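Here is my note on the model you sent. Please read each point with the structure open.

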Amino acid sequence: MSVGIVSYGAYIPRYRIRVEEIAKVWGANPNSIIDGLMVYEKSVPDLDEDTITIAVEAARHAINRAGIDPQEIGALYTGSESHPYAVKPSSTVVAEAIGATPNLTVADFEFACKAGTAAIQTCMGMVDSGMIKLGMAIGADVSQGAPGDALEYTAAAGGVAYVIGKKDLVANIESTYSFTTDTPDFWRREGMPYPEHGGRFTGEPGYFKHVSSAAQGLMKKMGTKPSDYDYAIFHQPNGKFPTRVAKMLGFSSEQIKPGLVVTRLGNTYSGSCMMGLAATLDIAKAGDRIFMTSFGSGAGSDSFSYTVTDRIEEIRNGAPSVEKLLADPIYINYATYARHKNKIKL
Amino acid sequence: MSVPRFWRRLKNIYNLIGTHCEKCGSFLYPPRNMCPKCRRNGMTIPFKFKGTGEVLTYTIVHTGAKDYTKLTPYILAIIKLDEGPQLTSQVICDHSQIRIGMKVKAAFRKLGEESEKGMIYYGTKFVPMEG
């Protein structure tokens with residue numbers, strides 16, 4: 001396959017709340033939560049940030065990083081489970097804000113935490129078929145966790161955009177493979193402010209079954225093994241799940257370390273493993289191979305195999321790295337967090 | 001702001017697109033059909049501003065209008081863009097950080113919304129250059 005990543009850009013709001021601060025409000029033991037989740041803090045959107053503003057900032061970073069002409073983008077898809085409108089695409093605003101309109105097709109994707117990687121696959125097909133020259137796939141969320149729910153400790157905000165094309169690649173996408181079943185591990189009904197989930201049911205029949213099946217399926221299809229890869233990224237609802245699934249599959253902790261951003265960021269849902277990939281590309285060298293598997297509740301996983309090209313050095317510094325976006329956070333207390341997340345109704 | 005009024009201006013608001021007079025060299029924001037200096041002899045063309053500038057002056061609004069209750073207190077500033085035009089905008093930063101002469105850059109943010117079921121307005125605000 002001669003399709004790959006032409007550019008990428010990430011965006012993370014500056015606000016953070018520590019797990020201890022949330023645990024204090026609900027009378028929980030912070031150490032047991034940190035040990036259980038391997039998450040220390042999570043990002044929080046500003047009062048005037050939402051999925052669309054985050055997607056626009058990530059998309060602009062992707063455009064700027066490689067000097068992309070936005071008029072060459074023929075398709076733009078924004079994956080999220082927190083689109084601000086139930087009816088009206090986030091992607092039209094993003095396309096207008098990066099100057100890609102009007103000669104392109106856009107749509108919003110939704111598949112829990114893997115809508116962004118589904119958008120990458122769609123762009124791959126459209127580019128490879130010759131329908132479009134460049135496609136932009138975005139994963140962005142201001143994810144929701146009900147007050148006091150386990151999700152509240154990890155549900156974070158952030159977004160990542162990838163430009164997919166055939167020329168000037170920073171990473172070839174060697175192959176992709178998906179594994180999908182109807183597994184009701186997590187959902188949010190229309191009009192409901194917070195999702196519901198199956199507690200531990202989200203683990204074995206949800207995350208682990210789908211991530212491991214997609215990962216093994218791709219390696220079988222390509223004839224590769226974990227040791228063939230320099231880095232690996234798995235969907236990061238917390239720190240424990242990707243660490244455990246990496247071990248199950250035979251990947252080392254060193255391979256997943258650069259992309260395991262969840263410990264300082266939380267779960268950015270549709271941006272989750274795409275953020276891990278961006279952090280890995282930030283430090284990767286030409287020739288490095290990267291393995292990535294997303295997971296979306298409901299449920300499905302998309303696996304990808306990438307090879308980094310020498311062009312990565314040319315564009316790397318054209319936009320902020322994930323590490324720079326994680327640096328210099330503003331810590332807030334639970335009351336401010338509640339205001340930022342619209343948990344206080346005026 | 002009505003939906004049609006916002007829609008007519010959204011390209012300008014999203015991307016800081018104003019006008020440039022090729023006759024006298026003036027840069028104008030918001031866009032003008034006619035150059036105020038050259039009048040009918042002017043030659044105005046659309047121009048996308050870089051989005052960088054500095055704070056000329058500012059105030060901190062503690063009693064905001066109804067639609068801004070959630071954001072109050074907020075910083076409202078006059079920004080001088082590097083190309084010359086001045087515009088009024090919110091600056092998003094810690095209130096102790098704002099100062100006259102501070103270098104700022106454009107950021108894409110929510111400007112407001114009609115109501116919980118109404119239109120959401122997006123556009124340009126400013127953040128500190130290093131932030």
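1. Chain B reads α-β-β-β-β-β-β-β-β along its sequence. That comes to 1 helix and 8 strands. Helices (H or I, at least four residues) and strands (E, at least two) are DSSP runs, numbered from the N terminus.

2. This is a predicted model: local features need pLDDT of at least 70, side-chain atom pairs count only at pLDDT 80 or more, and totals for chains, interfaces and linings use all residues. Residues are numbered from 1 along each chain as its sequence is written, while chains are lettered from A and ligands numbered from 1 in the order in which they are written.

3. The C-alpha trace of chain B spans about 45 × 35 × 20 Å along its principal axes. Of the 131 residues in chain B, 25% are buried (20 or more other C-beta atoms within 10 Å of the residue's own, with C-beta atoms placed from the backbone).

4. Now chain A. Helix 6 (residues 203–222) of chain A packs against helix 7 (residues 240–249) of chain A at an angle of about 45°, with axes 10 Å apart. Axes are lines fitted to C-alpha atoms, over the stretch in contact for helices, and angles run from 0 to 180 degrees between N-to-C directions.

5. Which residues of helix 6 of chain A meet helix 7 of chain A? They are Tyr207(A), Phe208(A), Val211(A), Ser212(A) and Ala215(A). In helix 7 of chain A, the partners are Phe241(A), Val245(A), Met248(A) and Leu249(A). Contact means C-beta atoms, placed from the backbone, within 7 Å.

Notes
Two residues are in contact if their C-beta atoms, placed from the backbone, lie within 7 Å. A residue is buried if 20 or more other C-beta atoms lie within 10 Å of its own, exposed if 12 or fewer, and partly exposed in between; C-beta atoms are placed from the backbone.
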